[in-house]
Amino acid sequence: MNFTAPDPTPSDGSYRAVLYQINVRQYAASGTLAAVQADLPRLKALGVDILWLMPLQPIGVLNRKGSLGSYYSIRDYTAVNPEFGTLADAKALVAAAQGLGFKVILDWVANHTAWDHAWATSHKDWYQLNAQGEIYPVTFNAGQPNEEHWDDVVALDYRSEGLRAAMIDAMRFWVADVGVDGFRCDVASLVPVDFWVRARRELEAVKPLFMLAESDAAVLHASGAFDVTYDWTLPDEVFKKIGRGEAGAPLLKAWLSRQPGAHPAQACRMRFTSNHDYNSWHGTDTELYGDARQALAVLTFTLPGMPLIYNGQEAGLSRRLAFFEKDLIDWRDAPQAAFYRRLIALKHRHPALAAPPHGGTLTLLPAVPEVVAFERRRGADVVRVAVNLSAQPQVWEGHALPAWGWEIA
């Protein structure tokens with residue numbers, strides 16, 4: 001990764017960073033950037049490093065979903081949604097966050113725009129067109145029983161050089177004028193890889209960037225366009241089954257034995273139990289994982305990769321936040337904050353827990369079937385982790401592990 005993160009001591013400090021996703025609309029009663037800025041000292045005390053802001057731009061009105069619309073229906077790439085504040089507010093938030101040692105990345109929606117984006121009128125040739133030569137909703141699996149439409153957005157066509165140049169110019173605005181440190185790129189694998197390679201090369205003429213892809217495509221690592229990609233297989237194929245009581249530690253051990261799969265051995269993957277999509281469309285941590293939720297969070301911080309916290313998880317977010325309406329997070333007394341602070345401090349403290357390629361490789365350790373145990377070693381730094389992925393007490397190396405308990409040494 002090409003930036004220096006808040007942990008300045010080792011050269012690999014950036015690889016021990018923790019991501020924190022911010023849903024501005026639901027973050028505070030006002031739903032503004034100023035409210036997020038006011039909360040930066042709390043986030044600093046929590047210990048997170050990289051703030052991921054969901055899209056800040058104005059949302060399309062035509063074919064809008066719900067009363068407020070989707071963040072991912074962009075009407076103007078270089079403006080700020082008045083619901084959140086002004087461009088000056090965005091600049092102030094970024095500057096204040098960076099002053100406290102955070103890096104700030106902006107969610108970037110390059111695959112599609114709102115119907116009422118100016119480009120849809122002035123540059124119709126920049127869009128995918130149907131047989132009648134008309135712009136149409138983003139469509140997946142056309143003609144199949146599982147055909148899916150995103151009715152509030154229309155897809156861009158990256159065969160157009162004009163589009164590519166304009167999109168990079170818009171991204172450059174946020175880097176050069178607003179000061180963001182990089183991007184989380186929405187549905188990144190739906191956009192040609194060569195675009196991302198070019199975008200990163202041109203944008204890094206302004207400043208070094210951190211790039212996170214919402215994709216599990218191995219080519220995005222090989223291309224050098226992205227520092228981190230998503231890993232959906234861990235929560236989808238393992239964590240959810242454990243949470244439903246359909247599986248336990250043997251499934252995770254089998255999953256670990258197959259890693260890194262198609263990805264380069266040193267590819268950095270984002271680990272998570274929740275994000276905006278999971279919370280709103282899949283379920284809360286309690287719905288998805290039940291009593292296993294903390295044990296699984298421990299794994300996201302100790303397995304190789306970069307962990308993510310979705311805003312409100314530290315408050316025990318207990319409901320699915322509405323996606324197209326105002327739906328304030330209930331912060332209460334943040335009952336999970338101490339839990340996450342300990343995990344973040346652990347991540348920062350141990351070189352062995354750094355993300356690939358700097359951290360220690362993972363070695364599975366002998367354990368009873370219900371316990372997954374592993375060691376990560378880098379030089380003299382060794383971290384041993386044992387997690388009981390069952391509802392019954394277990395014993396590991398003579399130590400009692402309560403139901404869904406863990407030991408880190």
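**Reading the core, a helix pair and some backbone features**

Modeller: Apart from neighbours within four places in sequence, Phe183 is in contact with Ile105, Leu106, Trp108, Met171, Trp174, Val175, Leu203, Phe210, Met211 and Leu212. This is a predicted model.

Biologist: Which residues have the most contacts inside the largest nonpolar core?

Modeller: The general idea is that nonpolar side chains in soluble globular proteins tend to be buried together. Here the largest nonpolar core has 119 residues, and Met167, Trp174, Phe183, Trp196 and Leu389 have the most contacts inside it. Helix H6 gives the most to this core, with 10 residues. There is also a second, separate core of 6 residues, among them Val371, Ala373, Trp396 and Leu401.

Biologist: At what angle do helices H6 and H7 pack, and how far apart are their axes?

Modeller: Two packed helices are described by the angle between their axes and the distance between the axes. For H6 (residues 161-178) and H7 (residues 193-203), the angle is about 40° and the axes are 10 Å apart. H6 is therefore oblique to H7, since angles under 35 degrees count as roughly parallel and those from 65 to 115 as roughly perpendicular. The crossing of the two helices, H6 and H7, is right-handed.

Biologist: Which residues of H6 and H7 meet?

Modeller: From H6 come Glu161, Arg164, Ala165, Met167, Ile168, Met171 and Arg172. From H7 come Asp194, Phe195, Trp196, Arg198, Ala199, Glu202 and Leu203. By class, this contact has 8 nonpolar and 6 charged residues, and no polar ones. Met167 and Trp196, both in this contact, are also among the residues with the most contacts inside the largest nonpolar core.

Biologist: Now the backbone. Is the peptide bond from Gln259 to Pro260 cis or trans?

Modeller: The way to read this is from omega. The bond from Gln259 to Pro260 is cis, with omega near 10°. Pro260 is in the loop between helix H10 (249-257) and strand S10 (268-271). Another cis bond joins Pro356 and Pro357, where omega is about 10°. Pro357 is in the loop between helix H14 (337-349) and strand S12 (361-364).

Biologist: Is the phi of Asn63 positive or negative?

Modeller: Asn63 has a positive phi of about 60°, although it is not a glycine. Asn63 lies in the loop between strand S2 (50-53) and helix H4 (87-99). With a relative accessible area of 40%, Asn63 is partly exposed. Arg332, again not a glycine, has a positive phi of about 45°. Arg332 is in the loop between strand S11 (306-310) and H14.

How values were computed: Residues numbered from 1 in each chain as written. Predicted model: local features only at pLDDT ≥ 70, side-chain atom pairs only at ≥ 80, totals over all residues. Heavy atoms only, no water. Helix = DSSP H or I, 4+ residues; strand = E, 2+ residues; numbered from the N terminus. Buried < 20%, exposed > 50% of the residue type's maximum accessible area, 1.4 Å probe, protein only. Axes fitted to C-alpha atoms, helices over the stretch in contact; angles between N-to-C directions. Parallel < 35°, antiparallel > 145°, perpendicular 65-115°, else oblique. Left-handed = near helix turned anticlockwise from the far one by under 90°. Contact = heavy atoms within 4.5 Å. Nonpolar A, V, L, I, M, F, W, Y, C, P; charged D, E, K, R; others polar. Core = buried A, V, L, I, M, F, W, Y, C linked by side-chain atoms within 4.5 Å.
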